[in-house]
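Colleague: I would like to learn how to read the features of this model. Could we go through them one at a time?

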Amino acid sequence: MGFEYCNPGWSYGPKRREYHFIHFVKEGKGTLTIEGHTFHIHKNQCFIVPAGEVSLYAADKKDPWKYSWIGFLGIESGRYVQQLISNKNFVIDINLP
C-alpha cells in the first residue's frame, strides 16, 4: 500500500508481479499498457493489474498523476479480480473524495 506523487514522464515496467494491484488516480493522468493495449487514465479512475500480467505504466509529461495503490493476494483474489476486469477492461471510473 502506498501513495505516489509522480514526476512528469515517470514510468514503471514493463514488469510482472506476483500479486494483484489497484492504483487509484487522485490527480493528473497517465497511461497503462497491458496485454498489447494502452489505456489513457485520468483523475477519478483506477486501474487494475492481475498477478502474473506484464504491465507498464507512465505518468503524463505535462500533468503527471498522483495516486494511491494497494497490492494484494489471497485464495479467492484471482476470481474477484477477473470479475472486476470483465471483458479485459483494466480501467474503472470511480468517485474519489
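**Reading the model, starting from one residue**

Modeller: Leu32 is found in strand 4. Strands (E, at least two residues) and helices (H or I, at least four) are DSSP runs, numbered from the N terminus. This is a predicted model: local features need pLDDT of at least 70 and side-chain atom pairs count only at pLDDT 80 or more, while totals for chains, interfaces and linings use all residues. Residues are numbered from 1 along each chain as its sequence is written, and side-chain values use heavy atoms, with hydrogens and water left out.

Colleague: Is Leu32 buried or exposed?

Modeller: Buried means under 20% relative accessible area, exposed means over 50%, and partly exposed is in between (1.4 Å probe, protein chains only). Leu32 has 0% relative accessibility and therefore counts as buried. Buried residues make up 33% of the 97 residues in the protein.

Colleague: Which residues is Leu32 in contact with, leaving aside its neighbours within four places in sequence?

Modeller: Contact means heavy atoms within 4.5 Å. On that basis Leu32 is in contact with His37, Thr38, Phe39, Ile41, Phe47, Val49, Ser55, Leu56, Tyr57 and Phe90. Phe72 is another matter to look up: Leu32 and Phe72 are 40 residues apart in sequence and 19 Å apart in space, C-alpha to C-alpha.

Colleague: Which residues touch the most other members of the largest nonpolar core?

Modeller: A nonpolar core is a set of buried Ala, Val, Leu, Ile, Met, Phe, Trp, Tyr and Cys residues joined through side-chain atoms within 4.5 Å. The largest one has 20 residues, and Leu32, Phe39, Ile41, Phe47, Tyr57 and Trp65 touch the most other members. At least two residues of this core come from each of strand 3 (20–27), strand 4 (29–34), strand 5 (37–42), strand 6 (45–49) and strand 7 (54–59). Strand 6 gives the largest share, four residues.

Colleague: What pattern does the protein follow along the sequence?

Modeller: The pattern is β-β-β-β-β-β-β-β-α-β, which comes to one helix and nine strands. Of the contacts with a separation of 6 or more, 76% are between residues 24 or more positions apart.

Colleague: Which residues have a positive phi although they are not glycines?

Modeller: Glu35 has a phi of about 50 degrees and Asn44 one of about 65 degrees. Glu35 is in the loop between strand 4 and strand 5; Asn44 lies in the loop between strand 5 and strand 6. Glu35 counts as partly exposed at 34% relative accessibility, and Asn44 counts as partly exposed at 24%.

Colleague: Where is there a cis peptide bond?

Modeller: The cis bond joins Gly13 and Pro14, with omega about 5 degrees. Pro14 lies in strand 2 (residues 11–16).

Colleague: What does Ser77 touch, not counting residues up to four places away in sequence?

Modeller: Ser77 touches His20 and Phe72. Ser77 lies in helix 1 (residues 77–84) and is buried, with a relative accessible area of 8%.
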